[in-house]
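This report describes a group of aromatic rings and the surface around them. Please keep the sequence and the structure in view while reading.

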Amino acid sequence: MIVSTAILIRVMRGNMQDLYQHDGLKGWRLRLRTWQYLFGAGSLSRRALPDYLRYFKPGFHPWDHDDRNLLSQAEDQLNQPVPA
């Protein structure tokens with residue numbers, strides 16, 4: 001999980017740098033705003049942190065958390081016709 005996280009961060013950072021460069025954006029304020037967006041209060045990373053840390057619990061297994069209802073919801077959404 002640590003290796004996967006490091007790879008994900010590295011790839012995302014490179015992609016963001018490419019996008020910023022393409023749009024001509026640079027500077028410390030941009031970096032600060034990006035950092036706040038990614039890791040500030042209410043960000044997705046903050047909300048996902050408890051579940052992420054749960055992965056490192058000794059004896060962790062994904063099936064310890066019953067998420068069959070989420071699976072059912074996803075299946076329902078996949079089975080809906082695509083709007084034209």
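## The aromatic cluster

Tyr52, Tyr55, Phe56 and Phe60 are linked into a cluster by ring pairs. Rings of Phe, Tyr and Trp (its six-membered ring) pair if their centres lie within 6.5 Å; planes under 30 degrees apart count as stacked, over 60 as edge-to-face and the rest as tilted. The model is predicted: local features need pLDDT of at least 70, side-chain atom pairs count only at pLDDT 80 or more, and totals for chains, interfaces and linings use all residues. Residues are numbered from 1 along each chain as its sequence is written, and side-chain values use heavy atoms, leaving out hydrogens and water.

## Two edge-to-face pairs

The whole structure contains 4 aromatic pairs. One of them joins Tyr52 and Phe56, edge-to-face, at 5.5 Å centre to centre with 70° between the planes. The ring centres of Tyr55 and Phe56 lie 5.5 Å apart and their planes meet at 85°, so this pair is edge-to-face.

## Accessibility and surface

How accessible is Tyr52? Tyr52 is partly exposed, because its relative accessibility is 26% (buried means under 20% relative accessible area, exposed over 50%, partly exposed in between, with a 1.4 Å probe and protein chains only). Phe56 is partly exposed at 38%, and Tyr55 is partly exposed with a relative accessible area of 38%.

Tyr55 is located in the loop between helix 3 (44–54) and helix 4 (68–78); helices (H or I, at least four residues) are DSSP runs, numbered from the N terminus.

Notes:
Helices (H or I, at least four residues) and strands (E, at least two) are DSSP runs, numbered from the N terminus.
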